[in-house]
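Please read them with the structure open beside the text.

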Amino acid sequence: MHARSMFVALAVLTLTACGGSSSTGSNLPPGYYILISGLAFPAATLRVPAGATVHVVNQSTMAHTVTEEAAAGDFTLGGPAGVTPFNVASPAGSTTTFTVPTGLADGTVLHYFCQTHTSTMSPANGSITVDSGARTYVPPGVGGAGY
Ligand SMILES: [Cu+2]
């Protein structure tokens, strides 16, 4: 009985793997997301509460980074005084996470860029606005249309 169940489960997994229509992270739960597709940040504007976990979903075949900068276009690691800036490596096809610093006031804007591709990214800069009322969501484009 257990062996049969195992066989069915394997068969389902095999069919899923051969389906070809699913993209990286197609079963992602509601959360806070930065997406990377090719040389683009398709949803570059994000609102999250302070201290939130942000998922970086890299759907491209290239490694990128999500690196905080003091101002959009600086292309240098930085951010608000007294807060350690985030700098996340995002290997091709991976989902990684980082935590937005706690203690940031609502309305604080954290800018980010990709250290590898700087102004080649489209847009070159994304932003994270601290918003204690921000809701989690399933990222558009992961499950279908949206960007
Ligand atoms: Cu990049």
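1. Strands E1 and E3 run parallel and are joined by four bridges, where strands (E, at least two residues) are DSSP runs numbered from the N terminus, as are helices (H or I, at least four residues), and two strands pair if DSSP finds at least two bridges between them. Within this pairing, Leu 35 stands opposite Val 57 in E3.

2. Two remarks on provenance apply throughout. The model is predicted, so that local features need pLDDT of at least 70 and side-chain atom pairs count only at pLDDT 80 or more, while totals for chains, interfaces and linings use all residues. Residues are numbered from 1 along each chain as its sequence is written.

3. The pair E1 and E3 belongs to an open sheet of three strands, in the order E1-E3-E6 and with mixed pairing. Because E1 and strand E6 (95-99) stand at the edges with a single partner strand each, one side of each is left without a neighbour in the sheet. Neighbouring strands here are turned by 20° against each other on average, direction ignored, the axes being lines fitted to C-alpha atoms (for helices over the stretch in contact) and angles running from 0 to 180 degrees between N-to-C directions.

4. Is Ile 34 buried or exposed? Ile 34, whose place is in strand E1, is buried, because 25 other C-beta atoms lie within 10 Å; the cut-offs are 20 or more such atoms within 10 Å for buried, 12 or fewer for exposed, and anything in between for partly exposed, with C-beta atoms placed from the backbone. Leaving aside neighbours within four places in sequence, Ile 34 is in contact with Phe 41, Leu 46, Val 54, Val 56, Val 66 and Gly 126, a contact requiring C-beta atoms, placed from the backbone, within 7 Å.

5. Strand E4 (residues 64-69) pairs with E7 in the antiparallel sense over three bridges, and Thr 67 stands opposite Phe 113 in E7.

6. Some backbone details in the loops deserve a check. Ser 122 and Pro 123 are joined by a cis peptide bond with omega of about -10°, and Pro 123 lies in the loop between E7 and E8. Thr 118, placed in the loop between E7 and E8, is a residue other than glycine with a positive phi, near 35°, and is partly exposed, with 14 other C-beta atoms within 10 Å. Phe 75, in the loop between E4 and E5, likewise has a positive phi, near 55°, and is partly exposed, with 16 other C-beta atoms within 10 Å.

Note on methods. Contact = placed C-beta atoms within 7 Å.
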